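Please look through the structure shown below before reading on. The paragraphs after it go through its parts one at a time.

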Amino acid sequence: MEKYPTINGSRWMLLLIALACACSKTDPSAPPKGFLNESTLKLAYATGALKLIETEPAIPETLLAFKDITYKETIEKNLKVDIYHHRDIQQPTPLLVFIHGGSWKKGDKDDYRRYLVDYAEKGYVTATISYRFSQEAPFPAALDDVTCAIKWLKQHASEYHIDPQKIAVIGGSAGGHLGMMLAYHASDSTYSQPVGCETGVDSKIQALVNLYGPTDLTTPYSVAHPSVIALIGSEYSDTTKTKFEAASPLFFISPDDPPTLIFHGTIDDLVPVSQSDTLQMALTRANVPVYYHRLEGWPHTMDLSLKVNNYCQVQMDAFFAKYLK
């Protein structure tokens, strides 16, 4: 998750607009009022009017944290998982697995600690995973890794009080893309299950939350983006077109896919909101339950905002209560 950049100076009118947008009190269950554009948002951040979440909260004494457990060894690096849950959990409990973003080339599994702690305190088992970056191994390496992580968590479910039949994946940006690939590929015979994974368990999940993740890597914008090219390991052409399609969740949607909750901001300048518009339409056509929150005036990584994060959690609470409990 990335910090909003600072800016120097602006007109008083923009300042007043930013302050009005950032400081208005709203119901956490109502969509938070956004900004006119990136300039007013950056100004609000620079002046302190845009309140951000605490990204590295302390781990409460009520929780147990299991850090840096190796779930898979690769030539490039050992892949790790962190797990959190209440000290007093005794029975199998729904699991929430978080996949961090970073354009497939950076980021850390601890980036989503805010969610990990909050949802562990709400009574879930939470986990966060690392995966190989595009400069370490091209696609489908990262998908293979998250698939292996789900299999590992299912195989070790009894050790961490996990209910292996009640798992949701939550991913942001590149993590949202990988979560979608995992969710929509689990029942797809075109995906060869990776070697080096736990055997005797599948990688199916029961619910998916996609935070502003790209779903179609074959659009003109996507095929020209350096991060997408690095992920695929080659530039787009007639001979490599199938590689870009194979890395696009949109092409694997089917009626047996898990219910999907989507969040995307309309002024996202990294992953266009049209990506989630297309995703929502495709899921609807396939009769997959889909809940789309298209937030006006919010950018990429918008859940760094305290108001947006609170809103996302309210919607996620209801979603998990319906599909996991």
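Helices (H or I, at least four residues) and strands (E, at least two) are DSSP runs, numbered from the N terminus. This is a predicted model, in which local features need pLDDT of at least 70 and side-chain atom pairs count only at pLDDT 80 or more, while totals for chains, interfaces and linings use all residues. Residues are numbered from 1 along each chain as its sequence is written, and side-chain values use heavy atoms, with hydrogens and water left out.

Helix H9 covers residues 274–285. The expected span of a helix is 1.5 Å times one less than its number of residues. The buried residues of H9 are Gln275, Ser276, Asp277, Leu279, Ala282 and Leu283. An α-helix has 3.6 residues a turn, so residues three or four places apart point the same way. The cover over the buried residues of H9 includes H5, E6, helix H6 (220–223), strand E7 (260–265) and strand E8 (290–295). After H9 comes Asn287, with a positive phi near 60°.

Other backbone angles also deserve a look. Most residues other than glycine have a negative phi, and most peptide bonds are trans. Trp104 is not a glycine, yet its phi is positive, about 65°. Trp104 sits in the loop between strand E3 (93–99) and helix H3 (113–121) and is buried, with a relative accessible area of 5%. His161 also has a positive phi, near 60°; this residue belongs to the loop between H4 and strand E5 (162–172). At 23% relative accessibility, His161 is partly exposed. The peptide bond from Phe139 to Pro140 is cis, with omega near 15°, and Pro140 is in the loop between strand E4 (125–129) and H4.

Two of these residues turn up again around His177, which lies in helix H5. With 0% relative accessibility, His177 is buried. Contact here means heavy atoms within 4.5 Å. Leaving aside neighbours within four places in sequence, His177 is in contact with Trp104, Phe139, Gly213, Pro214, Leu217, Leu231, Ala247 and Pro249.

Next come the cysteines. A disulfide is a pair of cysteine sulfur atoms within 2.5 Å, and by this rule the count is one. Cys148 and Cys197 form the disulfide, with their sulfur atoms 1.7 Å apart. Cys148 lies in helix H4 (residues 141–155) and Cys197 in the loop between helix H5 (174–185) and strand E6 (207–211), so the pair ties together parts 49 residues apart in sequence. The torsion about the S-S bond of Cys148 and Cys197 is about -80°, so the disulfide is left-handed. Cys148 is buried at 1% relative accessibility, and Cys197 is buried at 15%.

What holds the interior residues in groups? A nonpolar core is a set of buried Ala, Val, Leu, Ile, Met, Phe, Trp, Tyr and Cys residues joined through side-chain atoms within 4.5 Å. The largest nonpolar core has 57 residues, and those with the most contacts inside it are Val81, Ile83, Leu153 and Tyr184. H4 gives the most to this core, with eight residues. A second, separate core has 34 residues, including Leu41, Ala44, Tyr124 and Phe319.

Key. Buried means under 20% relative accessible area, exposed over 50%, partly exposed in between (1.4 Å probe, protein chains only).
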